[in-house]
Amino acid sequence: MEPVKSEVIAIANPKGGCGKTTTAVNLATCISALKRKVLLIDLDSQASATIGLGIKPYLCRFSVAEVLLNSAGKAGEAVYSTKVKNLSIIPAKSSLADVETELRKQEGGGLVLKSRLNQILSAYDYIFIDTSPSLGALTLNALTIAQRVIIPVQTQFYALRGLGQLLNMVNIVKARVNPNLCRIRILATMYDPRTRLSQNILSELRKRFEKELFKTIIPISTRLAEAPGYGLPAPLYDSHCSGTIAYRKLAREVIANEKM
Ligand code: ATP
Ligand code: MG
């Protein structure tokens, strides 16, 4: 199937630790294995996606912070290749936190990423943006440029906390600056079939988000949690573990939506 050019997918949820970065890194990796050209943008000053792909932020001359400040020359200079074929990254550094403060002060600060990346997006089939656990200026920039938002929801306590605020923000961005932001998809993560809690939250998600919920469910998987410690995405760390298998399935589900 021919890919549709340049779909930007933001991965967001203000709830911390729900699997945003794990999803960004592994979904991007699995989609690149399906011969799509993929760019991952790390828009979190914790730089977890950058580190998880084996890139040391302090060794990167340019990062997404310089792109936003327009001090990187061309945005393309902040694009680095990774160990994964077809997958490039614009890394994050801790200085991104200061950029967020700057953007908040600027009028039109929510549109900066869009204007800086305009030139390079068409070179990729998919652009994933890993966002931080906040609904601040950086996440606003991600939503302003995205066509789809994937919301990982941990099938654990307080799973739905913050979700209402995120959905509000998506609606506001859609109404005011980005009418292309049309698809919200929910991804159940860290599912543990042995616990009633996981089962209950999954059935609640199925009821509330019948259309939006991905069929693929990401199981709790120790290998997924271990992989970033080795600077590897899960498919390169353990290509047969349940987590890798699930993200491969998710990649096919995302691609199946290409024509929709
Ligand atoms: P933050 O909000 O801090 O950016 P996040 O939403 O990006 O967090 P992750 O960093 O992806 O969440 O995951 C939080 C922790 O849970 C990490 O230690 C990660 O390795 C682990 N983890 C993520 N998904 C799974 C999973 N399916 N099974 C087991 N551990 C997981
Ligand atoms: Mg993260």
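Contact here means heavy atoms within 4.5 Å. This is a predicted model, in which local features need pLDDT of at least 70, side-chain atom pairs count only at pLDDT 80 or more, and totals for chains, interfaces and linings use all residues. Residues are numbered from 1 along each chain as its sequence is written, chains are lettered from A and ligands numbered from 1 in the order in which they are written, and side-chain values use heavy atoms, with hydrogens and water left out. Helices (H or I, at least four residues) and strands (E, at least two) are DSSP runs, numbered from the N terminus.

**Thr-189**

- Thr-189 is part of strand 7 (residues 183–189).
- Thr-189 counts as buried because its relative accessibility is 2%; buried means under 20% relative accessible area, exposed over 50% and partly exposed in between (1.4 Å probe, protein chains only).
- Apart from neighbours within four places in sequence, Thr-189 is in contact with Cys-18, Thr-23, Pro-152, Val-153, Gln-154, Thr-155 and Ile-218.

- Six of the six residues of strand 2 (residues 38–43) are buried.
- In a regular strand, side chains alternate between the two faces of the sheet.
- Val-38, Leu-40 and Asp-42 are buried on one side of strand 2, and Leu-39, Ile-41 and Leu-43 are buried on the other.
- Strand 2 pairs in the parallel sense with strand 4 (residues 87–90) over four bridges; strands pair if DSSP finds at least two bridges between them.
- Strand 2 also pairs in the parallel sense with strand 5 (residues 126–131), over six bridges.
- Leu-40 has Ile-89 as its bridge partner in strand 4 and Phe-128 as its bridge partner in strand 5.

**Helix packing**

- The axes of helix 1 (residues 20–32) and helix 11 (residues 242–256) come within 8 Å and cross at roughly 70°; axes are lines fitted to C-alpha atoms, for helices over the stretch in contact, and angles run from 0 to 180 degrees between N-to-C directions.
- Helix 1 and helix 11 are therefore roughly perpendicular (65 to 115 degrees; under 35 is roughly parallel, over 145 roughly antiparallel, the rest oblique).
- Residues making this contact include Thr-22, Thr-23 and Asn-26 of helix 1 and Tyr-247, Arg-248 and Leu-250 of helix 11.
- Helix 4 (residues 96–105) and helix 6 (residues 137–145) pack at about 75°, with axes 8 Å apart.
- Helix 4 and helix 6 are therefore also roughly perpendicular to each other.
- Leu-96, Glu-100, Leu-103 and Arg-104 of helix 4 meet Ala-137, Leu-138 and Asn-141 of helix 6.
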